[in-house]
Amino acid sequence: ERVDAIEWVYKNGDAGPQYFSIVYLDGLSNKQHLFYPDYIVKMKSGEVWIIETKGGWQRSGHTKNIDLQIKNKFLVKSMRK
């Protein structure tokens with residue numbers, strides 16, 4: 001928030017129609033779910049960043065990621081670039 005290049009930061013909620021969400025498919029059941037990213041950041045350049053802070057540590061190729069659907073969520077965001 002103290003970076004000159006940032007216009008504003010929005011802390012998103014965890015659930016509910018009043019918050020920003022992205023639809024993704026569960027890789028196992030092929031059901032739709034809503035993903036609520038943690039932050040939305042508007043840069044003064046006009047770029048908008050959607051930021052998710054969950055995750056875990058990774059060491060020597062082994063991950064301790066706490067979000068089992070992270071690959072499905074990443075695929076949705078990557079496809080929309």
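Trp 8, Tyr 10 and Tyr 19 make up a nonpolar patch on the surface of this predicted model, and together they have about 270 Å² of accessible area. Trp 8 belongs to strand 1, which covers residues 6-11. With a relative accessible area of 38%, Trp 8 is partly exposed.

Strand 4 consists of residues 39-43 and pairs with strand 1 in the antiparallel sense over five bridges. Which residue of strand 4 is the bridge partner of Tyr 10? The partner is Ile 40. Tyr 10 is also one of the residues of the surface patch described above.

**The salt bridge**

Side chains of opposite charge can pair when their charged atoms come close. The model has one salt bridge. Lys 42 forms this bridge with Glu 7, and their closest N and O atoms are 3.8 Å apart. The cut-off for a salt bridge is 4 Å, so the pair is counted. Lys 42 lies in strand 4 and Glu 7 in strand 1, so the pair links distant parts of the chain, 35 residues apart.

Is Glu 7 buried, exposed or partly exposed? At 45% relative accessibility, Glu 7 is partly exposed, because this class runs between 20% and 50%. Lys 42, at 22%, also counts as partly exposed.

**Strand 5**

Ile 51 is found in strand 5, which spans residues 48-51. Its relative accessible area of 27% makes Ile 51 partly exposed. Leaving aside residues up to four places away in sequence, Ile 51 touches Pro 37, Asp 38, Tyr 39 and Val 41. How far apart in space are Ile 51 and Tyr 39? From C-alpha to C-alpha they are 5.0 Å apart, while in sequence they are twelve residues apart.

| Residue | Relative accessible area | Class |
|---|---|---|
| Glu 7 | 45% | partly exposed |
| Trp 8 | 38% | partly exposed |
| Lys 42 | 22% | partly exposed |
| Ile 51 | 27% | partly exposed |

Technical notes
Residues are numbered from 1 along each chain as its sequence is written. This is a predicted model: local features need pLDDT of at least 70, side-chain atom pairs count only at pLDDT 80 or more; totals for chains, interfaces and linings use all residues. Side-chain values use heavy atoms; hydrogens and water are left out. Patches are made of residues with over 30% relative accessible area and no salt bridge: like charges are joined within 9 Å, nonpolar side chains (Val, Leu, Ile, Met, Phe, Trp, Tyr) within 5 Å. Accessible areas come from the Shrake-Rupley method with a 1.4 Å probe; for residues, only the protein chains shown count as cover. A salt bridge is a side-chain nitrogen of Lys or Arg within 4 Å of a carboxyl oxygen of Asp or Glu. Helices (H or I, at least four residues) and strands (E, at least two) are DSSP runs, numbered from the N terminus. Buried means under 20% relative accessible area, exposed over 50%, partly exposed in between (1.4 Å probe, protein chains only). Contact means heavy atoms within 4.5 Å. Two strands pair if DSSP finds at least two bridges between them.
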